[in-house]
Amino acid sequence: MAPILVLNGPNLNMLGARQPDVYGSDTLDDVIELCRKTAARFGREIIAFQSNSEGALIDRVHAARGAESAIVINPGGFTHTSVALRDALVVPEVPIVEVHISNVHAREDFRHHSYISPIATAVVAGMGIQGYAAAVEFLCTRP
Ligand code: DHK
């Protein structure tokens, strides 16, 4: 089966250094390694991409069409702002899992609304980086 695309949006390249009280001390490399190990348990592969640029994320989502079987995305701040990223995410016609490391619903009001959730198959929030592993496992085991 085609690989699972793991996408991370703005500021997630700073994981481990940025607000460790909120996002923990693991780095983005640790997240990707966790995703790879989880996928490998099911004989599946991960392709990882991170960008701080909305356009680069949209281009990468378009490229997933016909190439990847599912998408795990932490859209970072674009969660709460980007109609364009949401529109892009329906293009590949694959299951999408939206992941947030923190519990966005327990934080500022502006983090309570997601443009992505209505087009996502599933949403994970507040599980720390284990949320990525849960998302990958879900995608590897769903019928
Ligand atoms: C990450 C971000 O960068 C924030 O903009 C979101 C999300 C929350 C997270 O919890 O992973 O509001």
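Predicted model: local features only at pLDDT ≥ 70, side-chain atom pairs only at ≥ 80, totals over all residues.
**View 1. The largest nonpolar core.** Welcome to a core of 25 residues, where Ile-4, Val-31, Val-72, Tyr-132 and Val-136 touch the most other members. Two or more residues each come from strand 1 (4–8), helix 2 (28–40), strand 3 (70–74), strand 4 (96–100) and helix 5 (130–141). Elsewhere, a second, separate core holds 16 residues, including Leu-5, Leu-7, Leu-57 and Leu-85.

**View 2. Ile-4 and its contacts.** Here we zoom in on Ile-4, setting aside its neighbours within four places in sequence. Among the residues in contact with Ile-4 are Arg-44, Glu-45, Ile-46 and Ile-47, along with Ser-69, Ala-70 and Val-72. Val-136, Leu-139 and Cys-140 are also in contact with Ile-4.

**View 3. Helix 5 and its buried residues.** Helix 5 is built from 12 residues, and from first C-alpha to last it reaches 16 Å, close to the 16 Å expected at 1.5 Å a residue. Look for its buried residues: Gly-131, Tyr-132, Ala-133, Ala-135, Val-136, Leu-139 and Cys-140. An α-helix has 3.6 residues a turn, so residues three or four places apart point the same way. The buried residues of helix 5 pack against strand 1, helix 2, strand 2 (46–50), strand 3, strand 4 and strand 5 (122–125).

**View 4. The largest pocket.** This pocket has a volume of about 150 Å³. Its lining is made of 15 residues, and Arg-18, Tyr-23, Gly-76, Gly-77 and Arg-111 lie nearest its centre. By type, the lining of the largest pocket comprises 5 nonpolar, 7 polar and 3 charged residues.

Definitions and conventions
Residues numbered from 1 in each chain as written. Heavy atoms only, no water. Core = buried A, V, L, I, M, F, W, Y, C linked by side-chain atoms within 4.5 Å. Buried < 20%, exposed > 50% of the residue type's maximum accessible area, 1.4 Å probe, protein only. Helix = DSSP H or I, 4+ residues; strand = E, 2+ residues; numbered from the N terminus. Contact = heavy atoms within 4.5 Å. Expected span 1.5 Å × (residues − 1). 1 Å grid on protein atoms, 1.4 Å probe; cavity = no way out; pocket = protein on both sides within 12 Å on 5 of 7 lines; lining within 4 Å. Points joined across faces, edges and corners; volume = space filled by probe spheres on them. Nonpolar A, V, L, I, M, F, W, Y, C, P; charged D, E, K, R; others polar.
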